[in-house]
Amino acid sequence: MQVEDGEVFGLLGPNGAGKSTTIKLLMGIIFPTAGCARMLGKPVSDVSMHRDIGYLPEQPYFYDYLTATEVLDYFARFHGYSAAERGERVQKMLKKVGLETAGKIQLRKYSKGMLQRVGLAQAILHDPKLVILDEPMSGLDPVGRREVRDVILELKNAGKTILFSTHILPDAETLCDRVGVIAGGKLRGVGAPGAIVGVKATGMEILFELAEGATLPETIRAQVTKSGAGYRVSVGESELYTALEGLRAAGARITSVAQIRPTLEDFFMELVGRDRAQAAAIEVSTQ
Amino acid sequence: MSRVLIVARNTFREAVRDRVLYNLVFFAFLMIASALIVGQISMGIETVVMINLGLSAISLIGLLIAVFTGVGLVSKEIDKRTLHAALAKPLRRWEFLVGKFAGLAVTLAVNTAAMATGLFLALWLVKHSIARGEAVVLVAVYFILLKLILVVALAMLFSCFTSPLLAILFTGGLYLAGLFVSELRTLQVTNLTPEMQKFFAVISYVLPNFGNYDVMGAAAHGREIAGILILHNTLYTVLYCAIVLSAAAVIFSRKDLK
C-alpha cells in the first residue's frame, strides 16, 4: 500500500479489520512482527520525522486535570515554538475546531466529541506535511462531522497528505482521492472510490409520474414500485429505450433517468459478507 | 527546553492538580498535628516524640504517593492511551519515561518539603525556637526523599511489564525486603552452607538498601549524621535509579502499547 504525496487516502474496513493496527504500526505504538513501513522516506522507527506528521488517535483521551489550552501548549512545546508562537497557534487551533470558548475548561469536563476536537487540534497544530487520522468522525454529531470534513478538505487544499481510517463510507467517498479496503486483516483493494468498485453501470433507474387511471406498459409492470408521489423502475441498459417508449405511450412524465452503479458500500458489504462466510466455514471445518 | 523537561513539567502540573495528592498531604499534616499533641503530653522527650512521629508521617505518606502514583505514571497513560498523542511527537519513549519520573520526583520533593515545613512549624509551636542541632532533621527528610525517588523508579520499572496491581505488590515487597539488607549481610557469618552464603551476599547487594536511608533515630536524638553517608546515599540513589530506569526504558521501548 502506498499513499502518494498530496492525496487524501481513506483506509476502510469493518471493526477489527486492522485499520487502527496499521496506523499504530506507522506511528510506532506497536511493532510489526514482519515487513516494513516507511513514511516521508524514512523507516517508521525514526521518530525525528514526527516533526512533519500529525496524528489523531482513535477515541483520543488527554490529561483530565489540564485545560485544552494547556494540553495544546504541552504538545506545541515538542516542536520548539516560542511562547508567543505557541499562544498564537493554540488559539488558532481552538478556533478552527470550534473550542475557542472552552479552552480554559479542564478536559475531564469535556464530552467525547469535544475531546475528538482537541485531538484533531493537536494533530494539525504544527502544520504537518502528513496527517494521519484514526476514525476522525467517531463520536461527533452531524455538525461536528461536517466541521471535521471541512478541516480535512482545507488540509487537502493546502497540499497536505492525509491518511485516515473510517467505516463511514459516504465520508470516504466524498473526501478521498483513493481508498484502501481492509477486511479480515488483508488489503483487498486500493484505488479511487469509483474505480475500486468498477465504473460499469449495473442498470438504469427511471423515475416517473403517471396520470390517474393510466395503464403501465406490460413490459415493465412487474418491476415498477411506488416512490413518493411517483414511481420507480430499474431496467437493464439494453431495455432502457423500450421502457421509455412504453412509458411515453402510457402518458407518463419521466422525471429522472440515471445509471445504477455499485457504491463503495456495496463493495465493502460484499467483502465483509465474503469474509464472514469464510470465517463461518472455517469454524465449521474446525469443529 | 529539552523534551524530558517538557514531559516532567506536564507530569508535575497534572500531579499538583490531582486531589488525591492533596488528601494525602492533608493526612500527613494531621499526623504532624497529632505529633504536636503527643509531644506535649510526653514530658521531657517531646522533641524526640514529635520528630519521630513527624518523620514517620512524611515517610509513610511519601511512600503511598511514590508507589501508587509511580505505578500509575506509565500504566494509566497506557490504559487511557494518553501517551499515543505524545509519542506521535518527536519524542523518544525513554525521554517520555524519564520525563515522567522526573516530574513525579519534583512533585515528591515539593510535597516532602511542605510536610517538613509542617513538622518544623509544629516543633516551633512547642519549643518556640529551632535549635541548630535540629538541622539534622533536614538530613533525615532528604534521605526520605531519596528513598521515595528510588521507590518511584522501581514502581515505574514494574509497571512497564506487569499489571498495576502486581507492580504495587512487587514494589511494596521489594521495599520491605530492602529494609532488611543489612540483616541479610550479617547472615553470611552465621551457620550457612557456602552456597547459601554466596546467594545471600549477591542478593544483599542486588536489593535496594532502604535501611541506609533510615536515620530517624539519630535525627530525633540530635545526633550528627556523617557527611560521607549523605554523599553515599545520594550517589547510591542516582546510580540505582539510573540502572532501574535504563532497564525500564529498554522494556518500555519494545513494548506494544494497546
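Helices and strands in a predicted model

Mentor: In this predicted model, helix H1 (residues 19–26) of chain A lies across strands S1 (8–12), S5 (130–134), S6 (161–166) and S7 of chain A, and runs at about 140 degrees to S5(A).

Trainee: What does helix H5 of chain A lie across?

Mentor: H5(A), residues 142–157, lies across S1, S5 and S6 of chain A, and its direction is at about 155 degrees to S6(A).

Trainee: In which order do the strands of the open sheet in chain A stand?

Mentor: The order is S4-S5-S6-S1-S7-S8, 6 strands with mixed pairing.

Trainee: What makes S4 and S8 of chain A edge strands?

Mentor: Strand S4 (53–56) and strand S8 (186–191) each have a single partner strand, so one side of each has no neighbour in the sheet. From one strand to the next, the twist averages 15 degrees.

Trainee: Why are H3 and H6 of chain B called roughly parallel?

Mentor: The axes of H3(B), residues 46–80, and H6(B), residues 135–159, cross at roughly 20 degrees and come within 8 Å. Angles under 35 degrees count as roughly parallel, so H3(B) is roughly parallel to H6(B). The contact of H3(B) with H6(B) has 19 nonpolar residues, 5 polar and no charged.

Trainee: Is the crossing of H3(B) and H6(B) left-handed or right-handed?

Mentor: That crossing of H3(B) and H6(B) is right-handed.

Note on methods. Residues numbered from 1 in each chain as written. Chains lettered and ligands numbered in written order. Predicted model: local features only at pLDDT ≥ 70, side-chain atom pairs only at ≥ 80, totals over all residues. Axes fitted to C-alpha atoms, helices over the stretch in contact; angles between N-to-C directions. Helix = DSSP H or I, 4+ residues; strand = E, 2+ residues; numbered from the N terminus. Parallel < 35°, antiparallel > 145°, perpendicular 65-115°, else oblique. Left-handed = near helix turned anticlockwise from the far one by under 90°. Nonpolar A, V, L, I, M, F, W, Y, C, P; charged D, E, K, R; others polar. Pairing = 2+ DSSP bridges. Contact = placed C-beta atoms within 7 Å.
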